[in-house]
Amino acid sequence: MSMKLGFIGLGIMGRPMALNLRQAGHAMWVHGRRPVTMEVLVKAGAQACLTVADVAANTEIIFIMVSDTPDVENIVLGENGLIQRLRRGQVVVDMSTISPAATRIFAEKLAQRGVEMLDAPVSGGEVGAVNATLSIMVGGKAKTFEKVKPLFEALGKNIVHVGDHGAGQVAKACNQIVVSLTIQGVSEALTFARRNGVDAAKVRVALMGGSAASKILEVHGQRMLDNDFKPGFKVKLHQKDLRIVIEDAHKLGIGLPGTALVTQHLNALMGSGDGELDSAAIVKVVERMSGTR
């Protein structure tokens, strides 16, 4: 069944995701901060909107895919935001990676207008967005999730309703903890191999056959071997995600020493001008500490 959908945020992730929804046969109203980002959607039959309020005026379900918590707040609650034009019964689906606490506030303010919200951050990067193989972690009411689930199926493969508002963002934070600490572990292992005069590529192959095998060892480990840090997921975005984790841990009184360490390594990469590289570049920090190139 065709629906009237909105999509706000047409960057590296948002643009292919919006295209997948359009190609599934839905009418689309889209808004990108830079007009050029809307062109490919318009060619595919979507309507370009000058403001996010225009998106709200024409649609039933509105997807958001932007960088950080203040961006989502401005889009949802700003003086020219969605809330100015939203109507009872509409649904806002935020697929950005933002603060769980802020998400709960946004959901509460929308609920006062009779508007449902889902937080549905994703994992899988640009490749997953293009191929519609994203892992989607969802927070919000079960009834709303069931309504939107067929649309999620046009975007991803592993779709899990984790719990109430904010639970999707908590799951994404957990994902980023595991990913970042695994990148750190792979960085240390390959550096250890090199400093021992052993072929790190062969060590990686050996590890891939045992308990140390992981997607990170497979993909990021190869990037480290090739010294190829063309971004799948940029340092600056990974740093932002771990900042959210550390801030929430601080509020809750949770000790996350490993995550704190990797956050400092990402900070160091930002300071050395490497924010646009893939976060596999964490290996560069480990190498510098060890006098390895």
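A cavity is a set of grid points where a 1.4 Å probe fits but cannot get out. In this predicted model, the count comes to 1 cavity of 30 Å³ or more. The volume of the largest cavity is about 40 Å³.

## What lines the cavity

Which residues line the largest cavity? They are T97, I98, P100, Q169, K172, A173, Q176, D241 and I244. By type, the lining divides into 4 nonpolar, 3 polar and 2 charged residues.

Two or more lining residues come from each of α8 and α11 (235-252). Helix α8 gives the most, with 4 residues.

## Where α8 meets α10

Helix α8 also packs against another helix. Two packed helices are described by the angle between their axes and the distance between the axes. Helix α8 spans residues 167-195, and helix α10 spans residues 215-226. Their axes come within 10 Å and cross at roughly 50 degrees. The crossing of α8 and α10 is right-handed.

## The contact residues

Which residues make the contact? From α8 come V179, T182, I183, V186, S187, L190 and R194. From α10 come I216, L217, H220, G221, M224 and L225. The contact of α8 with α10 divides into 8 nonpolar, 4 polar and 1 charged residue.

Note on methods
Residues are numbered from 1 along each chain as its sequence is written. This is a predicted model: local features need pLDDT of at least 70, side-chain atom pairs count only at pLDDT 80 or more; totals for chains, interfaces and linings use all residues. Side-chain values use heavy atoms; hydrogens and water are left out. Axes are lines fitted to C-alpha atoms, for helices over the stretch in contact, and angles run from 0 to 180 degrees between N-to-C directions. A crossing is left-handed if the near helix is turned anticlockwise from the far one by less than a right angle, and right-handed if clockwise. Contact means heavy atoms within 4.5 Å. Ala, Val, Leu, Ile, Met, Phe, Trp, Tyr, Cys and Pro count as nonpolar, Asp, Glu, Lys and Arg as charged, and the others, Gly among them, as polar. On a 1 Å grid over the protein atoms alone, a cavity is a set of points where a 1.4 Å probe fits but cannot get out, and a pocket is an open set with protein on both sides within 12 Å along at least five of seven lines; lining residues have an atom within 4 Å of a point. Grid points are joined across faces, edges and corners, and a volume is the space filled by probe spheres set on the points.
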